[in-house]
Amino acid sequence: MEQMEMICFNLISSVGMAKSSYVEAMREAAKGAFDEAAAKMKEGDAFYAKGHDSHSDLIAQEANGEAVAFSLLLMHAEDQMMSTETIRLMAEENIKLYQRLTEMEGK
């Protein structure tokens with residue numbers, strides 16, 4: 001397998017794991033398990049950082065004048081990365097809402 005394909009697959013895998021962790025965080029928050037939700041967010045951030053590192057390597061390669069071959073696989077990796085960032089933001093907001101609801105129910 002070519003180096004570029006490996007980078008793309010690593011990126012897709014890493015951000016896919018991050019996405020799963022963020023969704024699990026929302027599910028934990030829905031149950032009122034906010035410590036577990038925070039742990040899942042932290043886990044997701046670690047996976048996302050790994051994917052971001054692969055992405056940064058590609059950007060650095062292109063910035064150094066080296067060709068980065070455009071492919072459907074790279075486009076898919078970029079798409080997965082962007083959607084994971086969106087899901088992370090949604091997870092943060094959902095967790096805040098669940099916390100507010102829990103506080104309101106407790107009053």
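Here is a short walk from the whole chain down to single side chains.

First, some ground rules. This is a predicted model, where local features need pLDDT of at least 70 and side-chain atom pairs count only at pLDDT 80 or more, while totals for chains, interfaces and linings use all residues. Residues are numbered from 1 along each chain as its sequence is written, and side-chain values use heavy atoms, with hydrogens and water left out.

**The whole chain.** Switch to cartoon view and you'll find three helices and zero strands (helices are DSSP runs of H or I, at least four residues; strands are runs of E, at least two; both are numbered from the N terminus). Along the sequence the pattern reads α-α-α. The radius of gyration is 17 Å, well over the 13 Å that the globule rule gives for 107 residues, so the chain is more spread out than a compact globule. That radius is taken over C-alpha atoms, and the rule is 2.2 Å times the number of residues to the power 0.38.

**Residues 3-30.** Select these next; this is helix H1, with 28 residues. From first C-alpha to last, H1 reaches 41 Å, close to the 40 Å expected at 1.5 Å a residue (that is, 1.5 Å times one less than the number of residues). Just after H1, click on Gly32, which takes a positive phi of about 85°.

**The core.** A nonpolar core here is a set of buried Ala, Val, Leu, Ile, Met, Phe, Trp, Tyr and Cys residues joined through side-chain atoms within 4.5 Å; buried means under 20% relative accessible area with a 1.4 Å probe, protein chains only. Across the chain, 31% of the 107 residues count as buried.

**Ile95 and Phe34.** Zoom in on Ile95. Leaving aside residues up to four places away in sequence, Ile95 touches Ala25, Ala29, Phe34, Ala37 and Met41 (contact means heavy atoms within 4.5 Å). Hop over to Phe34, in helix H2 (residues 34-63). For a last stop, draw a C-alpha to C-alpha distance from Phe34 to Gln99: 7.7 Å in space, though they are 65 residues apart in sequence.

Methods:
Buried means under 20% relative accessible area, exposed over 50%, partly exposed in between (1.4 Å probe, protein chains only).
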